[in-house]
Amino acid sequence: MTRVPTLMARIGAALILASLLVLAGCHSGATKGDAIATSAERGKFDYTLKAYKSGQFMTEDGAVLSAADAGSHFAYMKDTGKLPKTVLLLPSDDSKIRDNHLGFMARMALDYNFAVYYDKKGELVRLNAVESEARQLEDTPHKADLPDRMKGKEASSGAYDPQQQQ
């Protein structure tokens, strides 16, 4: 009777040791705070954009594009046969990724059929374009109003008449 508890204790200790070895083998060594946008991981994506101020984007070569211009850029890439399959959206030095950036990227992902990944608090997350609110692409967020004397007129409304100057 004294051997049963000793045998059970040894089996229990062996099970605990085996489970610790299995868990240690599964650990990859990465922590939650590791930077996801290392150069090795950036190479896994076909194209990289950075979020910029006022819903704008910065391309890989440093050009700042509005949402409409970024959409035109992807349309050009589609026409030339160079449309990316995966796009990585990163925060820039000047701005973090905001909801309007994600909305514009969701619209472009639906229009051009590519996958968008973005950095969300240190984690790499795939943007679900169907569930997110895809926004209509905008050229400039704040357009200036026309002066009162120009309201209701179009550029093609008539020729220049110096007699009617005000």
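Let us begin with T48, which touches T59, E60, L88 and L90, residues up to four places away in sequence being left out; contact here means heavy atoms within 4.5 Å. This is a predicted model, in which local features need pLDDT of at least 70, side-chain atom pairs count only at pLDDT 80 or more, and totals for chains, interfaces and linings use all residues. Residues are numbered from 1 along each chain as its sequence is written, and side-chain values use heavy atoms, with hydrogens and water left out.

T48 lies in strand β1, residues 47-51. Helices (H or I, at least four residues) and strands (E, at least two) are DSSP runs, numbered from the N terminus. Is T48 buried or exposed? T48 is buried, because its relative accessible area is 11%. The term buried means under 20% relative accessible area, exposed means over 50%, and partly exposed lies in between, with a 1.4 Å probe and protein chains only.

The protein chain has four helices and six strands, and along the sequence they follow the pattern α-α-β-β-β-α-β-α-β-β. Of its 166 residues, 25% count as buried. The accessible surface of the chain comes to about 12400 Å², and 52% of that belongs to carbon and sulfur atoms. Accessible areas come from the Shrake-Rupley method with a 1.4 Å probe; for residues, only the protein chains shown count as cover. Among contacts between residues at least 6 apart in sequence, 65% join residues at least 24 apart.

S92 is placed in the loop between β4 (86-91) and α4. The C-alpha atoms of S92 and Y52 are separated by 6.2 Å, although the two residues are 40 residues apart along the chain. S92 touches K50, A51 and Y52, again without counting residues up to four places away in sequence. With a relative accessible area of 12%, S92 is buried.

The next element is helix α4, residues 99-112, which holds H101. Which residues is H101 in contact with, leaving aside its neighbours within four places in sequence? They are A51, Y52, G55, Q56, F57, L89, S95 and K96. H101 counts as buried because its relative accessible area is 1%.

Helix α4 also holds both R107 and D111, which are four residues apart, about one turn of the helix. Side chains of opposite charge can pair when their charged atoms come close. R107 forms a salt bridge with D111, and the closest N and O atoms are 3.3 Å apart. A salt bridge is defined as a side-chain nitrogen of Lys or Arg within 4 Å of a carboxyl oxygen of Asp or Glu. How many salt bridges does a search of the whole structure find? The search finds one. R107 is partly exposed, at 23% relative accessibility, and D111 is partly exposed too, with a relative accessible area of 37%.

We come next to the backbone. Most residues other than glycine have a negative phi, and most peptide bonds are trans. S54 has a phi near 55°, a positive value in a residue other than glycine. S54 sits in the loop between β1 and β2 (57-58), and it counts as exposed because its relative accessibility is 54%. N113 likewise has a positive phi, near 60°. N113 is placed in the loop between α4 and β5, and at 68% relative accessibility it counts as exposed.

Finally, let us consider the surface. Patches are made of residues with over 30% relative accessible area and no salt bridge, where like charges are joined within 9 Å and nonpolar side chains (Val, Leu, Ile, Met, Phe, Trp, Tyr) within 5 Å. L7, M8, I11 and L15 make a nonpolar surface patch of about 430 Å². Of these, M8 is found in helix α1, residues 3-26, and M8 is exposed, with a relative accessible area of 55%.

A positive surface patch is formed by K96, R98, K120 and K121. Lys and Arg count as positive and Asp and Glu as negative, while His and the chain ends are not counted. The place of a charge is taken as NZ of Lys, CZ of Arg, CG of Asp or CD of Glu. K121 is found in the loop between β5 (115-120) and β6 (123-126). K121 is exposed, because its relative accessible area is 82%.
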